[in-house]
Amino acid sequence: MRRAACVLLAGALLTACGLTSGSPMVDDVRPGSIGKGEPLKGADLTVTSKEFSEQLILGAIMGIAFQAAGAEVLDRTGIQGSIGSREAVKQGTADADYEYTGTGWINYLGNTEPLPDPREQWEAVRDADRKNGVTWLEPSPLNNTYALAMSRENYEKYGTKTLSDVAELSRKDPGAVTLCVESQFANRLDGLRGMAEEYGMDIPAKNVTQMDTGIIYTQAAKGTCTFGEVFTTDGRIKSMDLVVMEDDRKFFPNYNAAPMVNTETLKKYPEIAEILAPITKRLNNEVAQELNARVDVDGEDPHEVALDWLKQEGFVKEG
């Protein structure tokens, strides 16, 4: 589960979550459309991230951008779970990462009800988290949230486009709606239980199969289950030609990616906000699916994928 946290005592947190070492980023880059004049020259910055592909890519994107702007960057990406990277930025042992607004609101700040409007969700996280010594910069359109998806063949057979359509199908033809989901999603209030209640879905327990994340995509693509639980930015959606159902009642929380920066670091280097803003704005679900697919489907290195994308977009140039 991507949003699982390291369950550890605070005193042992950073060590146990793996944030004990790092390696310098040594990309030969210079400013493109960002970082002109190298405003971070002389800065020593540490970037961090969680361990899954999208986070590794986002962490590399951030670190490479800082390098192009003149900074020396220490790479501490790939921390297991959510809390390790969060605490590193909060405590100042790392300077910044890309975090998700829904994770901030629910996992870190302890709220139970997400805000359906993505801008309001970001503003609420930004305002509430100020007291913790972290600053949330402007969010991206990239929204790595839950969804149900089906194979192209099943889509043509049943014609469902929204979760309301799935609910209607579950009432008209209960046997047609079979689900492949993760165990946590099956039992979470912001997962299957809450979704079924919100949309009025009638799905018998025998129609729900719990399995590991990667298998869900394969089984949905094969049509073994009519619908599979997916993450909206996963590269396998495109590579396996899955059709995502629209969350027309906006039930699932917004998980927009936004730079989360240690406040003291930002005070020292306010240029960070300007450097990251155009990159963050360009990140959306389509871009994320493409970059994630290059890692998860094609087996490419996340750092190289990040570097290639930044150069393609003109944000940085080869040194």
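**Close-up views of a predicted model**

**View 1. Helix 14 and helix 15 make a right-handed crossing.** The model shown here is predicted. Helix 14 spans residues 285-296, and helix 15 spans residues 302-312. Their axes come within 9 Å. The crossing angle is roughly 140°. Helix 14 is therefore oblique to helix 15, since an angle has to be over 145 degrees to count as roughly antiparallel.

**View 2. Residues of helix 14 meet residues of helix 15.** On the helix 14 side, the contact is made by V287, L291, R294 and V295. On the helix 15 side, P302, V305, D308 and W309 take part. By class, six of the contact residues are nonpolar and two are charged.

**View 3. E38 has a positive phi in a loop.** The loop runs between strand 2 (29-31) and strand 3 (44-50). Phi of E38 is about 45°, although E38 is not a glycine. Is E38 buried, partly exposed or exposed? Its relative accessibility is 28%, so E38 counts as partly exposed. Buried would require a value under 20%, and exposed a value over 50%.

**View 4. K250 also has a positive phi.** The value is near 55°, in a residue other than glycine.

Technical notes:
Residues are numbered from 1 along each chain as its sequence is written. This is a predicted model: local features need pLDDT of at least 70, side-chain atom pairs count only at pLDDT 80 or more; totals for chains, interfaces and linings use all residues. Side-chain values use heavy atoms; hydrogens and water are left out. Axes are lines fitted to C-alpha atoms, for helices over the stretch in contact, and angles run from 0 to 180 degrees between N-to-C directions. Helices (H or I, at least four residues) and strands (E, at least two) are DSSP runs, numbered from the N terminus. Angles under 35 degrees count as roughly parallel, over 145 as roughly antiparallel, 65 to 115 as roughly perpendicular and the rest as oblique. A crossing is left-handed if the near helix is turned anticlockwise from the far one by less than a right angle, and right-handed if clockwise. Contact means heavy atoms within 4.5 Å. Ala, Val, Leu, Ile, Met, Phe, Trp, Tyr, Cys and Pro count as nonpolar, Asp, Glu, Lys and Arg as charged, and the others, Gly among them, as polar. Buried means under 20% relative accessible area, exposed over 50%, partly exposed in between (1.4 Å probe, protein chains only).
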